[in-house]
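Keep the model open beside the text as you read.

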Amino acid sequence: MRTLSTLSTLSNGPVVPGAPGRLALRPLAGGMRLDGGFWGGYQALNAEVTIPHGMAMLEETGSLQNLRVAAGLAADEYAMPLFRDSDVYKVLEAIAWQRQHGGDQARERFFDEAVGLLRAAQRPDGYLNSYVQVAEGGKRFANPAMGHELYCAGHLMQAAVADLRSGGDPRGLAGVAGRFATLLTELLPGPLAGFVPGHPEIEMALVEFARATGRSGLVGTAADLVARRGRSTLHWPPRERPAGRTHYQDSFDPAYFCDDVPFERADAIRGHAVRAFYLLSGATDVYLENGNAALLRAALAQWDDLVAGKMYLTGGTGSRHKREAFGDAYELPSDRAYCETCAAIGSVMWNWRMLLATGEARFGALIERTLYNGFLAGLGLDGANFFYVNPLQTRSPARRQPWYQCACCPPNVMRLLASLGHYMATGTDTGVQIHQFAAGHLRAALPGAGALELELATGYPYSGELAVRVAAAPSGAAEVAIRVPDWAPDATAALNGRDLGVVPGDDGYLHVRREWAAGDDLVVSFPLAARTIRPSARIDAVRGCVAFERGPLVYCFEGVDLPGAGARADGLTGARVLSGARAAEVPGMSVSGHTVTALAVPGALGPAREPGWPYLDAVAPARIQVTGVELTAIPYYAWANREPGDMRVWIPER
Ligand code: FUB
Ligand code: ZN
């Protein structure tokens, strides 16, 4: 049985719940230190390339200038969109988390200068929003649906939490955030009593800020904001239109804002995907603090709805470009998939909270699927080019961009990668649970028994072996639990070379409980054979197609890998895999200098143009000449890093 008697050794990561009674698992103090390996490599790339790139882009694209203008230090036009401040906050958050892995003078100088600007721009009563101050003549909270003031305030608070937990000065960024939080505690119950923020984010931020500062009253403010939703007050265009404004380009109903049904009664995941995930994260955080079980019940129901038919194989979400929204169940077109990178990040953030709340392996499994696929595809292998949308099929060449006019995704990637070690493992009073597999180090304090310290070595996701070496052992027995992915039910484990003959428990974890000694070696092997995946027949868009996975990776085909690629104008259009074909592994393929295990799949290519029209009777396919080929699939996250071409995850089976 799991016990969490104390939170005395608090984590310094992004989610640090204060009420042990509501936690099945607790985050580890220090998280997992990522040392090299796949994710350590990405974290280093983030530190060396992605974050500095973000710092430069904030200057180049006017986000910092907006703040200078708001502070009265410069005169300029406001650089839209109106939530630019949030990009600054997310980069600051990334810098703060990254500080936990080693400081850097240039990053810290940037951080301090930005905090100086924020201080200068903040109004004496604590209000801060460069758009409202510069472009709206200071008219505050006039546009609840689209104004993003509390969205930006939430990102400010999350950045401040990261700073506080990474040794920052409590009077610095946290001072700025604290003054805004105080203003909100005055306004929200009073003049803003009917205000519902159009884009959730403030809810989880207030809870985290409460946890990090001890201002527990802010949890009530967050709970109130969650409870306000669901009365269909949010609408665009606004029901009461400002005088003189008649033309609105688009319209958004309450469901887009998750404002159509009170959270506690909502059992469907719907609306704008990022809004939905941020609200779910905030509501789960509120549950973790105040124990309102109706919030957890609704979150669980929405999770079931998500995985039952509103999520792509990659863990990506949002089937509709229009409104960046979830579609109906099984409405999962590959080519029109939106799958915003921020939605993948929001899903990881929420699933981590659900894992802490329930201890159930399915949440760790979804984090894994999303991290390796839907999320990671959003970052180029060079660390400085991004995708905002992550479809599962493109016909025309897709090019990654160094930044976006609406730049929510790139800095979101930065903050997740910088804090990633905190999403890997958890602890209880009697042991540790390893949910994600990475090379690194972790330390779990076990009350009254000392600490269990583990060194983890693995070539995951390309090797299925995870070696766990005990660096320091507690007194008495302790348990190491390792999540066993659904695709590896025949995982094996050996302790100090002796086969343990253990199988995963019904809860999806392999449990090894014993008195550990320093130097003990636990080696778990997950067989990584390539798998052919078939979609439910309910998903119209990919009926008759298959996809391939190996370990946690979803694979895709790129036109650039076709034999004679340059000469084929129709790219992958005529490509098929042979019915029942098995994929063979091709280790050591280089994709722009990044080594992957590719898959070779027996397939066929039709002619560049099919004769006649594309609706064939039963005998007609025989008229179409096909050539046998070996098709190459690479991990989906690595696509669009070579010559531009087409791509598909799902491919017809012949
Ligand atoms: O509205 C702020 C952010 O911009 C959203 O989270 C993204 O979906 C993008 O629309
Ligand atoms: Zn985004």
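## The zinc site

Both Cys-408 and Cys-409 are buried, where buried means under 20% relative accessible area, exposed means over 50% and partly exposed is anything in between, using a 1.4 Å probe on protein chains only. Before going further, a word on ground rules: this is a predicted model, in which local features need pLDDT of at least 70, side-chain atom pairs count only at pLDDT 80 or more, and totals for chains, interfaces and linings use all residues. Residues are numbered from 1 along each chain as its sequence is written, chains are lettered from A and ligands numbered from 1 in the order in which they are written, and side-chain values use heavy atoms, with hydrogens and water left out.

So what coordinates the zinc ion (ligand 2)? Glu-340 does through OE, and Cys-342, Cys-408 and Cys-409 each do through SG, at 2.0 to 2.3 Å. Donors here are N, O and S atoms within 2.8 Å of the metal (3.2 Å for Na, K and Ca), and water is not among the atoms, so sites may look incomplete. Along the sequence, the donor residues of the zinc ion (ligand 2) follow the spacing E-x1-C-x65-C-C.

The four donor atoms around the zinc ion (ligand 2) subtend angles of 94 to 119°, which makes the arrangement tetrahedral. That label applies to four donors if all angles lie between 85 and 135 degrees. For reference, the ideal angle for four tetrahedral donors is 109.5 degrees.

## Around ligand 1

Glu-340 turns up again here, as one of the residues around ligand 1.

His-148 has a positive phi of about 65° although it is not a glycine. His-148 lies in the loop between α5 (130–135) and α6 (149–165), and at 10% relative accessibility it counts as buried. Helices (H or I, at least four residues) and strands (E, at least two) are DSSP runs, numbered from the N terminus. Glu-324 also has a positive phi, near 50°, and is found in the loop between α11 (293–309) and α12 (341–358).

Which peptide bonds are cis? One runs from Met-80 to Pro-81, with omega near 5°, and Pro-81 is in the loop between α2 (63–70) and α3 (84–99). Another runs from Trp-236 to Pro-237, with omega near 0°. Pro-237 belongs to the loop between α9 and α10.

## A buried arginine

Is Arg-229 buried or exposed? Arg-229 is buried, with a relative accessible area of 0%. You'll find Arg-229 in the loop between α9 (217–228) and α10 (273–290), and its side chain reaches the backbone oxygen of Phe-257 at 3.0 Å.

## An enclosed helix

Twelve of the 15 residues of α13 are buried, so this helix is largely enclosed by the rest of the structure. Among them are Phe-363, Leu-366, Ile-367, Glu-368, Leu-371 and Phe-375.

## Strands

Five strands form an open sheet with mixed pairing, in the order β1-β4-β5-β9-β12; two strands pair if DSSP finds at least two bridges between them. The edge strands are β1 (26–27) and β12 (509–515), each pairing on one side only. Two bridges join β1 to β4 (residues 425–428) in antiparallel fashion, and Pro-27 has Thr-426 in β4 as its bridge partner.

Elsewhere, strand β13 (residues 521–525) has Leu-522 and Val-524 on its covered face, with Asp-521, Val-523 and Ser-525 on the uncovered one. Strand β8 (residues 465–472) runs antiparallel to β13 over five bridges, with Ala-467 opposite Val-523. Strand β10 (residues 492–495) is also antiparallel to β13, joined by four bridges, and Thr-492 stands opposite Ser-525.

Technical notes
Four donors count as tetrahedral if all angles lie between 85 and 135 degrees; four count as square planar and six as octahedral if opposite donors are over 155 degrees apart and all others between 65 and 115; anything else is irregular. A polar contact is a pair of N or O atoms within 3.5 Å; within protein, one must be able to donate a hydrogen and the other to accept it, and residues adjacent in sequence count only if both atoms are side-chain atoms. A residue is near a molecule or strand if one of its heavy atoms lies within 4 Å of it.
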